[in-house]
Amino acid sequence: MSIVLNHTIVPATDKQAAATFFAELMGLEVSAPSGPFAPVRVNDDLTLDFDDRGRVEPGHYAFLIDDDTFDAVLGRLATWPAVEYGSGPEHGWDRQINHLAGGRGVYVHAPDSHSYELFTAVP
């Protein structure tokens, strides 16, 4: 049997707002509550469970995505001027993308100072 990440908890000050931000960014939907969580199904194997019951420490979440999804995310970011994003930590939130490993990548500054890294090729 291979190892598959099934779910992870994303700490948030407002679980519904954080789940909604991530879902809208990625073109997904927030699912019905599951216990204390606001879940977002990322794919057949993975759910991010947003939870506002504890202390929030900023986290980094990285996703390999296809070109169509990347283009859709960039389109949404272009209409969200208040959302910071950029080509990499060393460049700040420069509203640019990177081209590592021959693909495209971007870091998005999410609620609670989480960072979502989206890339189309594995560096």
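Leaving out residues up to four places away in sequence, Thr120 touches Leu64, Ile65, Asp66, Asp67, Phe70, Gly103 and Arg104. This is a predicted model, so everything here is read from computed atom positions. Thr120 itself sits in the segment after E7, and its side chain reaches the backbone nitrogen of Arg104 at 2.7 Å.

Arg104, in turn, is found in the loop between E5 and E6. Its side chain makes a polar contact of 2.8 Å with the side chain of Asp71. With neighbours within four places in sequence set aside, the residues in contact with Arg104 are Asp67, Phe70, Asp71, Leu74, Ile97, Asn98, His99, Leu118, Phe119 and Thr120.

Four strands make up an open sheet in the order E4-E7-E6-E5, and the pairing is mixed. On the edges are strand E4 (60-64) and strand E5 (85-86), each of which pairs on one side only. E5 is held to strand E6 (residues 105-109) by two bridges, and these two strands run antiparallel. Within that pairing, Gly86 has Tyr107 in E6 as its bridge partner. As a general point, strands of a sheet pair through backbone hydrogen bonds, either parallel or antiparallel.

Helix H1 packs on this sheet, where it touches E4, E6 and strand E7 (115-119). The direction of H1 makes about 15° with that of E7. Helix H2 lies across E5, E6 and E7, and it runs at about 40° to E6.

How do the two helices meet each other? The axes of helix H1 (residues 15-26) and helix H2 (residues 67-78) come within 8 Å and cross at roughly 120°. H1 and H2 are therefore oblique to each other. On the H1 side the meeting residues are Glu24, Leu25 and Met26, and on the H2 side they are Val73, Arg76 and Leu77. Sorted by class, this contact has four nonpolar and two charged residues, with no polar ones.

The structure holds six aromatic pairs, and one of them is formed by Phe21 and Trp80. This pair is tilted, with 5.8 Å centre to centre and 45° between the planes. It ties together distant parts of the chain, since Phe21 belongs to helix H1 and Trp80 to the loop between H2 and E5, 59 residues apart.

A further open sheet is built from three strands in the order E1-E3-E2, again with mixed pairing. Strand E1 (7-11) and strand E2 (38-41) are its edge strands, each pairing on one side only. On average, neighbouring strands of this sheet are turned by 25° against each other, direction ignored.

E2 and strand E3 (residues 47-51) run antiparallel and are joined by four bridges. Going from E2 into E3, the chain passes through a hairpin of five residues. Two positions show how these strands line up: Pro39 has Asp49 in E3 as its bridge partner, while Val40 stands opposite Leu48 in E3. In a regular strand, the side chains alternate between the two faces of the sheet.

Definitions and conventions
Residues are numbered from 1 along each chain as its sequence is written. This is a predicted model: local features need pLDDT of at least 70, side-chain atom pairs count only at pLDDT 80 or more; totals for chains, interfaces and linings use all residues. Side-chain values use heavy atoms; hydrogens and water are left out. Axes are lines fitted to C-alpha atoms, for helices over the stretch in contact, and angles run from 0 to 180 degrees between N-to-C directions. Angles under 35 degrees count as roughly parallel, over 145 as roughly antiparallel, 65 to 115 as roughly perpendicular and the rest as oblique. Contact means heavy atoms within 4.5 Å. Ala, Val, Leu, Ile, Met, Phe, Trp, Tyr, Cys and Pro count as nonpolar, Asp, Glu, Lys and Arg as charged, and the others, Gly among them, as polar. Two strands pair if DSSP finds at least two bridges between them. A polar contact is a pair of N or O atoms within 3.5 Å; within protein, one must be able to donate a hydrogen and the other to accept it, and residues adjacent in sequence count only if both atoms are side-chain atoms. Rings of Phe, Tyr and Trp (its six-membered ring) pair if their centres lie within 6.5 Å; planes under 30 degrees apart count as stacked, over 60 as edge-to-face and the rest as tilted.
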